[in-house]
Amino acid sequence: MQDWIWFGILLGLNLLFVGLGELAYRLRWLSPGLARKLVHALVGVAAALTPFVVEGVEALFALGAVFLLLNGISRLRGWLPGMHAAESGWGTVLFVLGYGITLALCWALWPELRYLFTISMLVLALADPAAAVLGGVVKPVRRWIGDKTLAGSAAVFGVSLFVIGAGLAWLRSLDRLYWPDWMLAVAALVGAGVATAAEALCGRGWDNVAVPVSVTAVLGWMALSEPLYSLRLALGFGIGLAFVGISWRAGALSSSGAALTLLMAVTFFGLGGWAWSVPVIVFFVLSSLWSRLGQAEKASLSLIFEKDHRRDAGQVLANGGVAWLCTLLGAWSADPLWYAAYLGSLAAVTADTWATEWGTIVRLGPTWLITNGRPCPPGTSGGVSAAGTLAAAAGAGAIWASTWLADSAFLESWGAIEALGGLLVAGLTGSFLDSLLGALLQARFTCPVCGVLTERALHCGQPAVCVSGLRWVRNDLVNGAAATGGALMAMAWWTLTGPGS
């Protein structure tokens, strides 16, 4: 009964906050953006304090459901312009979604970590408004990912660092946490870095989900693991920063690609150590090197390919997202099947990347379309060649070789020949799947200015006309499908030839 009394109090309090924000907007005391950020902060702080007044989780989920419904209706109907007029996405609705997922993680999935919910929601409540205010005040404005500014991201990092550090120290003073000082420092630094990267990468309100969930994941993993693994997390963060910094300066990563790569690096090394880090490093480093070869031959293709060698967040996710997911699942279940899937996805994207890079500069015969066998220019989506096929096999073999450095015990348990066969099949399957989808479904456009056939929807500064394929099927989606195909093929091969088969 007490929980439901608090449900009524919190419902009324949050409605009051929304009303005050809307009133401030209508009286022109605040702009729509500032009015929404004020409500964002007040509602977030109120939500963060709920673990200290509510015993069960049912009332809090009910509170979230009510606000999800109210926010959704008001957004669709155009009510509450002070909350919705200045946003291009569904930020207020996604705020409730982030609240619900964080609540589920901290109270339903990990009930012993319920007080970490307070820290994650405080980061969400305070860091985003700080970024909006500071990002708009500091001049000159320096943008680095989309509309995200360096000043705003610095504000997110600073506020997150303070909130996480102070929050953990406070929980320790209440005897609800028993971490040594060095673990508090690691958690604050890594949590702030992850929150900053998540906020920078997500637009249209999705940072309201990504920030609290990522902070909860970092703190929860540290709380549930041995202290030694927290050191590995810190080492992974440091290695990731160094790797990303070098790659960004070398032109291999864009700003958005660097931010996402940092999140992945923390995951790969923090959860899996060298075994889950070496193969993906081998893929990235060698593929980036090959992309620099034959610049003269590739110059004519720069206007055709959708993207260049500088990988953005979309490319990083397309090539590494499946491996990232396998790492999370492998840490969760400790089943070697997920490591096989991880290697298979990397074999596929490595094979596909090497086939593209080498197939466009090495001539061992004609290039032909995979669908009908007709000759086509090198670099055409769906084109295959002898040079590209050999390069694809070499790329898959490179992932197999890197596994000897990363986790030779895994290869010994699988069998060296069986593993090589599985990764070759996974790599070639992914590469040919990429070519097949590229020929059948990937969008191709014609530039209305120069008439060139291209993968770019915008060419010569003008929208291009889609002449084949599906407009929404782009190169990143095709690459992600190839990675998925490689992972599934490796899983099947492991099931048929691995231990206990």
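Numbering starts from 1 along each chain as its sequence is written. As the model is predicted, local features need pLDDT of at least 70 and side-chain atom pairs count only at pLDDT 80 or more, while totals for chains, interfaces and linings use all residues, and side-chain values use heavy atoms, with hydrogens and water left out. Helices here are DSSP runs (H or I, at least four residues), numbered from the N terminus.

**α15 and α18**

- Helix α15 (residues 336-359) and helix α18 (residues 475-497) cross at roughly 135°, their axes coming within 7 Å; axes are lines fitted to C-alpha atoms over the stretch in contact, with angles from 0 to 180 degrees between N-to-C directions.
- That makes the pair oblique (under 35 degrees is roughly parallel, over 145 roughly antiparallel, 65 to 115 roughly perpendicular, and the rest oblique).
- The crossing of α15 and α18 is right-handed, meaning the near helix is turned clockwise from the far one by less than a right angle.
- Contact (heavy atoms within 4.5 Å) involves, among others, W338, G344 and D352 of α15 and N479, G486 and W494 of α18.
- By class, this contact has 13 nonpolar, 5 polar and 1 charged residues (Ala, Val, Leu, Ile, Met, Phe, Trp, Tyr, Cys and Pro are nonpolar, Asp, Glu, Lys and Arg charged, and the others, Gly among them, polar).

**Inside α18**

- With 23 residues, α18 reaches 33 Å from first C-alpha to last, close to the 33 Å expected (1.5 Å times one less than the number of residues).
- Its buried residues include D476, N479, M491 and W494, where buried is under 20% relative accessible area, exposed over 50% and partly exposed in between (1.4 Å probe, protein chains only).
- Those buried residues pack against α14 (313-333), α15, α16 (386-414) and α17 (416-440).
- N479 has a relative accessible area of 9%, so it is buried.
- Beyond four places in sequence, N479 contacts A318, N319, V349, D352 and D434.

**α5 and α9**

- Helix α5 (residues 91-109) and helix α9 (residues 207-224) have axes 7 Å apart and pack at about 15°, so they are roughly parallel.
- This crossing is right-handed.
- Residues meeting here include L94, F95 and I101 in α5 and V209 and P212 in α9.
- The α5 contact with α9 has 9 nonpolar, 5 polar and no charged residues.

**A104**

- A104 sits in α5 and, at 27% relative accessibility, is partly exposed.
- Leaving out residues up to four places away in sequence, A104 touches F61 and L109.
- A104 and Y339 are 27 Å apart, C-alpha to C-alpha, and 235 residues apart in sequence.

Methods: Helices (H or I, at least four residues) and strands (E, at least two) are DSSP runs, numbered from the N terminus.
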